[in-house]
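Trainee: Could we go through this model together, one question at a time? I would like to see how each answer is reached.

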Amino acid sequence: MISQISVTFGSQAILEQIMHKYPERNLALFSAAGNAHGMQLVDYSGLDSIFTSPVVYRVNAHAGTDDWTHYIDYIEVNPGKDQRQVLDAQITNFMSNPDTPKGLTGVYYLTAADNSDSRILLTLWNDHYDCLQWEDGTQNAFIAYDNFKNDPGADYHEVGYQRFQPKA
């Protein structure tokens, strides 16, 4: 299992330059989905970051495969200590459940390198629609916004990205 994932944001041109400079790295370029804007470059090699201004995540657990070819979704929350312990147990149960949601290929449970209280569920999907179906169902109740909406310190945030294939 890799120990970290790092990401950076920028224009398509700059991020593609980084990809060409480091062809040996496991890099994937994503475009924000939904109403969000921007491009994100993900380095899932597990090695020290090559980015000038990285966001670095520590990998606490991983399940499934490393299929970074379609759609990824981040759910980040900063729960209080008691709620964090409950969430950790619920994430462990979700990741070990063999009855995975349709289209889910992989799951990473992360913490921000600069904030060990943060909890990030990074899910890898076959497509955006599969992720939306999961979000509308009951299997994601443990990480749904409703669980954290009354905790102003939780700072709940969810964003998805569609894989972007640069022209050769």
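Trainee: Leaving aside its neighbours within four places in sequence, which residues is Gln4 in contact with?

Mentor: Happy to start there, with a word on the ground rules. This is a predicted model, where local features need pLDDT of at least 70 and side-chain atom pairs count only at pLDDT 80 or more, while totals for chains, interfaces and linings use all residues. Residues are numbered from 1 along each chain as its sequence is written, and side-chain values use heavy atoms, with hydrogens and water left out. Taking contact as heavy atoms within 4.5 Å, and setting those sequence neighbours aside, Gln4 is in contact with Gly46, Leu47, Asp48, Ser49, Val56, Tyr57 and Val59.

Trainee: Which backbone oxygen does the side chain of Gln4 reach?

Mentor: Gln4 is in strand 1 (residues 4-10); strands (E, at least two residues) and helices (H or I, at least four) are DSSP runs, numbered from the N terminus. A polar contact is a pair of N or O atoms within 3.5 Å; within protein, one must be able to donate a hydrogen and the other to accept it, and residues adjacent in sequence count only if both atoms are side-chain atoms. At 2.8 Å, the side chain of Gln4 reaches the backbone oxygen of Leu47.

Trainee: Is Gln4 buried or exposed?

Mentor: Buried means under 20% relative accessible area, exposed over 50%, and partly exposed in between (1.4 Å probe, protein chains only). Gln4 has a relative accessible area of 15%, so Gln4 is buried.

Trainee: What is the bridge partner of Ser6 in strand 3?

Mentor: Two strands pair if DSSP finds at least two bridges between them. Strand 1 and strand 3 (residues 39-43) pair in the antiparallel sense over 5 bridges. Strand 1 also pairs with strand 4 in the antiparallel sense, over 4 bridges, and there the partner of Ser6 is Val56. In strand 3, the bridge partner of Ser6 is Asp43.

Trainee: How many aromatic pairs does the structure hold?

Mentor: Rings of Phe, Tyr and Trp (its six-membered ring) pair if their centres lie within 6.5 Å; planes under 30 degrees apart count as stacked, over 60 as edge-to-face and the rest as tilted. Ring pairs link Phe94, Trp125, Trp134 and Phe142 into a cluster. For the whole structure, the number of aromatic pairs is 9.

Trainee: Why is the pair of Tyr57 and Tyr74 called tilted?

Mentor: Tyr57 lies in strand 4 (residues 55-64) and Tyr74 in strand 5 (residues 71-77), so this pair ties together parts that are 17 residues apart in sequence. Both Tyr57 and Tyr74 are buried. Their ring centres are 6.1 Å apart, and the pair is tilted because the planes are at 35°.

Trainee: What are the planes of Tyr74 and Tyr161 doing?

Mentor: Tyr161 lies in strand 8 (residues 157-163), so its pair with Tyr74 ties together parts that are 87 residues apart in sequence. Tyr161 is buried, with a relative accessible area of 8%. The ring centres of Tyr74 and Tyr161 are 6.1 Å apart, and the pair is edge-to-face because the planes are at 90°.

Trainee: Which side chain does that of Thr123 join in a polar contact of 2.7 Å?

Mentor: Thr123 lies in strand 7 (residues 115-125). At 0% relative accessibility, Thr123 counts as buried. The polar contact of 2.7 Å joins the side chain of Thr123 to that of Trp125.
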